[in-house]
Amino acid sequence: MKVQVISREIIKPSVPTPPHLKNFKLSLLDQLLPPSYVPIILFYPASADHEPINTICLQSSKSELLKKSLSETLTQFYPVTGRIKDNVLIDCNDQGVDYIEAKVDGLMSDFMSVDVVHQLHPSHIMLDDVAKEAQLAVQVNMFDCGGVAISISTSHKIIDGCTAITFICSWAATTREAPKQEIMYPTFDSADIFPALPPGVQVSTLESDDSIHGENVVTKVFVFTASKIAALRARISELRSSSGLSKYPTRAEALSALIWKSFINTSRVKASRNHALSAASTKPIIRSIANYAVNLRTRLNPPLPQVSFGNIIMDATAESTTTIDHEEATPGFIETLDRLISELRLGISKINDDYIRKLQEGDVEFLKSLDKASHQPNGQKNGEKVQICWISSLCRFPFYEIDFGWGKPSWVALNTNGEYKNSLFLMDAKCGTGIEAWVSLEKEDMALFEEDQDLLQYVKTIN
């Protein structure tokens, strides 16, 4: 299997950005995010009436449509074509975005696996430091079978999940020439609501932290059917009812707790093995910190529309502490999940009006306290092993509804750049009722994670 780049060009907005919009202010929340790239790949098979002799012509026609509609879409999302200046603003100078065409020697099905799908990304965006200035890169991969896979790498510096899906849906609707009322247009509210810190004020980002980046990170997809998720939720709900607690766990809560528990168990097993090989007499405590991405749009008063542009998210922080001592009495499986769900809810509840007010005021001491709570380095600290986990739910995001004019995608791949360890992305499966859990761990940890029987009893398949 071979991916060969056959062309590369810069796509600019179809209409130049007017002078009064040239300096786009970053928000405080944008300032807190690093210039890392989040790739999304959409796979579109050849149509049923596809004839091999027309493959090149059809793919070329699709590519021309994509370039034209991308240019039109960039006019509405004009900050995407600019460059960051001093972590304060974007110079919206219409430098454009990279558009790459690649010829793939192989069938589309050969690449629909997490082990190889990363080959379809615009590789320079991951490797070239200069590319860190760009906000978006697209690679259109054309297969021998007539299928097309579109890889879209967005910079988390100014684009969160809501902004990414808004952009892609708008681009797709423009490509298929949908009525204007079906096209999603962004609003630009964030910098007014969360003003940026002035130049010179230190803002901590996650760019080089050891708690995020790992060595030999691998990603696997764990698929959960609707029936398995329902069974898990029912067991947790039954326990909560018997204990006088309320609120039926959501799908995302149940699976987040299940996988977080497996993260913790993986860390505990590894620590236990290392302890057995050491001469230390004190058994270490495992402290696991889960950072759960929360969309602030719906938590503001009045709420912002989902199409509001930028990073309008913060991490709710939850903690769980355990030891590696298996001889001690430990809570049961469902009791543990119930406790982890309570911790997640407690963390989310802290993102309240007072929390948001302090963000809007740019309270530096408050920001430092958030950073300290959610973002501590791994390793030994006061006799503890600290594990940092990252959880994001993209459930109900319409990835499998994205239609550029040749049907809906047969597969959507996320979080495949192998960069972040101890991370979980949840998204709806293609069937619309199940959920895919995209889990990234260091290789040694993944081997332990896949042995967790509490997890495996609810998993349908692993890719």
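A nonpolar core is taken here as a set of buried Ala, Val, Leu, Ile, Met, Phe, Trp, Tyr and Cys residues joined through side-chain atoms within 4.5 Å, where buried denotes under 20% relative accessible area, exposed over 50% and partly exposed in between (1.4 Å probe, protein chains only). The model is predicted, with local features requiring pLDDT of at least 70 and side-chain atom pairs counting only at pLDDT 80 or more, whereas totals for chains, interfaces and linings use all residues. Residues are numbered from 1 along each chain as its sequence is written, and side-chain values use heavy atoms, with hydrogens and water left out.

The largest nonpolar core comprises 61 residues, of which Phe 43, Ile 150, Phe 399, Ile 402 and Phe 404 touch the most other members. Helix H4 (residues 161–175) supplies the largest share of this core, 8 residues; helices (H or I, at least four residues) and strands (E, at least two) are DSSP runs numbered from the N terminus. When residues up to four places away in sequence are not counted, the contacts of Ile 150 (heavy atoms within 4.5 Å) include Ile 40, Leu 66, Val 138, Trp 171, Phe 404 and Trp 406. Another core, of 57 residues, lies apart from the largest one and has Ala 257, Leu 340, Ile 391 and Leu 424 among its members.

Strand S16 (residues 435–442) is largely enclosed by the rest of the structure, because 7 of its 8 residues are buried. Strand S9 (residues 217–224) runs antiparallel to S16 and is joined to it by 8 bridges, with Val 223 partnered by Glu 436 of S16; pairing requires that DSSP find at least two bridges between two strands. Strand S15 (residues 423–428) also pairs with S16 in the antiparallel sense, over 6 bridges, and Leu 426 has Ala 437 of S16 as its bridge partner. In the hairpin of S15 and S16, 6 residues lie between the strands, and Gly 432 takes a positive phi near 90°.
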